[in-house]
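Biologist: Could we walk through this protein together, one feature at a time? I would like to see how each answer is reached.

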Amino acid sequence: MHRLVAKQIAKATDATGAVDMNKLVALVGGAYDEFDRDRRRTDRSMSLMIEEIDAINRNLEQLVAKRTSELRSREEDLQAQNVRFDTAINNMTQGLLLFDSSQQLVVCNQRYTEMYGLSAAIVKPGCSFREIIAHRKATGSFAGEEDEYCARILQNIGLRNSMVVETRDGRSIQIVNEPLADGGWVATHEDITERRLAEEQIRHLAHYDALTNLPNRALFHEKLKQELARMATGEQLAVLYIDIDEFKSVNDTLGHLIGDELLKSVAASLSQCAAASDFVARLGGDEFAIVQTAVKTPADVTGLVTRVFDAIREPYECLGHQVTTDASIGIALAPQHGGDLDQILKNADLAMYAAKSAGRRTYRFFEPAMVKARRNLEMDLRQAIADGVLEVYYQPGISLQDNKITGCEALLRWHHPERGMIPPAEFIPIAEDTGLINQLGEWVLTTACAEAATWPDHIKLAVNVSPVQFKSGTLALKIVAALAASGLAANRLELEITEAVLIRDDEAALEILHQLRGIGVRIALDDFGTGYSSLSYLQRFPFDKIKIDRCFVNDIAEPDGSSCIVQAVVNIAAARHMTTTAEGVETRQQQELLRALGCSEMQGDLFSPPKSAAEINRLCFTHREPSSALDLHRARKRRQITP
């Protein structure tokens, strides 16, 4: 301040050194005014600067708060994801391990430690792969050599690999090692014990009869083919076809449980009659077969036949009932009556029907004249087709959930003017051998589709397809034509095939099945478990339905029956998104057990035997909800316009 006054005094002093007071006052006043203006400008600048700093601080605070909120939200999301991740991996049915490139454990789920009874305090992130194997060895869940196992796993860890190991307590564990890009790997451990047992049961079913535990038709053919190939020059073998006489009357009068007991007793008797080198099988229904090897004279064969008759004619004790029975036996010798499988089987079958035609309770060796009888039946069949006397009957199937009809299977029936009702098992093989099955099959398909078009829209039609029809190459075209002519929706038609369709040329058959699937029809595998390799076909083609053969339903209620087998089939079907239909359901108990096992549908005389077209039409419209009036009107209208 003194410098400011001194400066103004200097400006107000003249040359003589005198101070002009007026000028000094004016200068000092002006200086103070300027100083005041500078101070006010400075104050305004400081105020603006403070405001800017405050604004920056507020923005920084908002930014920090926003970033803090975002970080907190991300942390909460990460925690939630971690919880979900932990929940997911700890609820897996498989044990899971994740290792880094240095073979250190990164992640281990609870299922893995439980699977082997390991300590979570040892098996935790940071421990090594070798330490885990050593801990398993110490706790008894690993039976191998530690160093050798670790070296083998680590040697191939860059490639995906899978193995099945057996634990000391008898479990089967499937281990899959999946390499990661960073040099680590993921290992999954799955207990497949039950699955393997189920698959072994299914494989057993493919070759053994569920009721009698005898080899079935498939294994019988396989063994006979081997024996024929092994037979040296000058050797003979005999094939005996054995049909239990009047077995149907046992079922009708005493019930199916008694009938099943009789079949099991007969199977045991036949096994006792046969020599150790012979081979006994159940071909299905009431038919058995024996392959007798090392036949030197006809007396060897008749001796076996005598033992069979003596055993079968003994009264059987079946659940408190004494049952007597007999048999008709047909015999064909190889190579005398045929050297290949098909010929020897056909001739043994002809001999058996000759024994039945002779009044039953006897046996017949094959004779060439029997071919004439078969030829006569073939001629009668041709005439029946020409005269249009064959009929299509329909057997309904119902849902085991709500007891509503879900579909009907078309079944061919032939009433011979002299011989009465001829079983399909007698004339269908003739139709297949002669090629008549193509004409018959097309007629059944066309007739059944036209009939099904008059049913309520939710009821499907099932039609059996012969292996011979598959070979024709025109099956898909005939199906398209039948659907077009009838107006039946493709998804209402279900084609039933057996494994016989697939075993000869499965690649070609699978291609045809895919063509049929492309049309929109459904495909069902019939007689599941009675053929050759059901499981492999299920893996290669996505069937819509599995039909469980009646042989597995017959004894389902017994303590040592086939309920576990049916359960395995149902589980396999469910895993592949297929429905299941149990055939031959005769009792309420069987129905309830099938429902409890998770089977989708049932078919059998318990609900309804096969019926004529008129009868099944009435049943379809009466066995459903009251809202069927519209469908009934639609059905009548369709009948009026059907040519």
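Predicted model: local features only at pLDDT ≥ 70, side-chain atom pairs only at ≥ 80, totals over all residues.

Biologist: What is the phi of Asn403?

Modeller: Most residues other than glycine have a negative phi. Asn403 is not a glycine, yet its phi is positive, at about 65 degrees.

Biologist: Is Asn403 buried, partly exposed or exposed?

Modeller: The relative accessible area of Asn403 is 33%. Buried would need under 20% and exposed over 50%. Because 33% falls in between, Asn403 is partly exposed.

Biologist: Where does Glu246 lie, and what is its phi?

Modeller: Glu246 is found in the loop between β6 (236-244) and α8 (247-254). With a relative accessibility of 40%, Glu246 counts as partly exposed. Glu246 is not a glycine either, but its phi is positive, at about 55 degrees.

Biologist: Let's turn to a peptide bond. Is the one from Ala334 to Pro335 cis or trans?

Modeller: Most peptide bonds are trans. Pro335 lies in the loop between β11 (327-334) and α11 (341-357). The bond from Ala334 to Pro335 has an omega near 10 degrees, and it is cis.

Biologist: Now the helices: are α14 and α16 roughly parallel or roughly antiparallel?

Modeller: Two packed helices are described by the angle between their axes and the distance between the axes. For α14 (residues 436-452) and α16 (residues 475-486), the axes are 8 Å apart and the angle is about 30 degrees. Angles under 35 degrees count as roughly parallel. That makes α14 and α16 roughly parallel.

Biologist: Which residues of α16 meet α14?

Modeller: On the α14 side, the contact includes Asn438, Glu442 and Leu445. Sorted by class, the contact of α14 with α16 has 6 nonpolar, 3 polar and 2 charged residues. The residues on the α16 side are Lys478, Ile479, Ala482, Leu483 and Ser486.

Biologist: What about α9 and α10: roughly parallel or roughly antiparallel?

Modeller: Helix α9 (residues 256-273) and helix α10 (residues 298-312) have axes 9 Å apart, at an angle of about 150 degrees. An angle over 145 degrees counts as roughly antiparallel. So α9 and α10 are roughly antiparallel.

Biologist: How many residues in the contact of α9 with α10 are nonpolar?

Modeller: From α9 come Val266, Ser269, Leu270 and Cys273, and from α10 come Leu304, Arg307, Val308, Ala311 and Ile312. In this contact, 1 residue is polar and 1 is charged. The number of nonpolar residues is 7.

Biologist: Last topic, the aromatic rings! What kind of pair do Trp414 and Phe427 form?

Modeller: A search of the whole structure finds 8 aromatic pairs. The rings of Trp414 and Phe427 are 5.5 Å apart, centre to centre, with 85 degrees between the planes. Planes over 60 degrees apart count as edge-to-face. The pair of Trp414 and Phe427 is therefore edge-to-face.

Biologist: Are Trp414 and Phe427 buried or exposed, and which parts does the pair tie together?

Modeller: Trp414 has a relative accessible area of 1%, so it is buried. Phe427, at 0%, is buried too. The parts tied together are 13 residues apart in sequence: strand β14, which holds Trp414, and helix α13, which holds Phe427.

Terms used. Residues numbered from 1 in each chain as written. Heavy atoms only, no water. Axes fitted to C-alpha atoms, helices over the stretch in contact; angles between N-to-C directions. Helix = DSSP H or I, 4+ residues; strand = E, 2+ residues; numbered from the N terminus. Parallel < 35°, antiparallel > 145°, perpendicular 65-115°, else oblique. Contact = heavy atoms within 4.5 Å. Nonpolar A, V, L, I, M, F, W, Y, C, P; charged D, E, K, R; others polar. Buried < 20%, exposed > 50% of the residue type's maximum accessible area, 1.4 Å probe, protein only. Phe/Tyr/Trp six-rings, centres within 6.5 Å; stacked < 30°, edge-to-face > 60°.
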